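Hi everyone, thanks for coming. Let me put the structure up, and then we can walk through a few spots together.

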Amino acid sequence: VVIHAVCDALLGAAGLGDIGTLFPDTDPHFFKKDSQELLDHVVTLISAQGYIVNNIDITIILEKPKLFPYKQSIADNLARILKITPDSVSVKAKTNEGLDAVGKGDAVVVHAICLLITNQ
């Protein structure tokens, strides 16, 4: 879910659409495709447009598990994939205080925003 939100943020910032358009779930080629492969492809696409990722900010909203012990690992892994430093990746975790499907533990929501800069 985190990687899909990051893909959408990067694609949107570069004006390249969204993950559902680029990798439709109706295409069997993308069925059970590793999300990291999708993100690698998105990074290649934005690079071809002359952009590099400057930084990314992610908010993960879920009840369980508590993500505090994993936030740095998530940032490190995303930084590696995005080819940026871990301090350029902010990961925040929140709960929904028991409200709606997220608060009942039936769903997760991830918001991601990024800053792209030109590599020229």
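Let's begin with Ile117, which sits in strand β3, residues 109–118; strands here are DSSP runs of E with at least two residues, helices are runs of H or I with at least four, and both are numbered from the N terminus. Before going further: this is a predicted model, where local features need pLDDT of at least 70, side-chain atom pairs count only at pLDDT 80 or more, and totals for chains, interfaces and linings use all residues. Residues are numbered from 1 along each chain as its sequence is written, and side-chain values use heavy atoms, with hydrogens and water left out.

Now for some backbone details. Lys32 lies in the loop between α2 and α3, and its phi is near 60°, a positive value in a residue other than glycine. Lys32 is exposed, at 74% relative accessible area.

Lys83 is in the loop between α4 and β2 (89–94). Its phi is positive too, about 65°, although Lys83 is not a glycine. At 67% relative accessibility, Lys83 is exposed.

Finally, look at the loop between β1 (51–61) and α4 (71–82), where you'll find Pro65. The peptide bond from Lys64 to Pro65 is cis, with omega near 0°. As background, most residues other than glycine have a negative phi, and most peptide bonds are trans.

Notes:
Buried means under 20% relative accessible area, exposed over 50%, partly exposed in between (1.4 Å probe, protein chains only).
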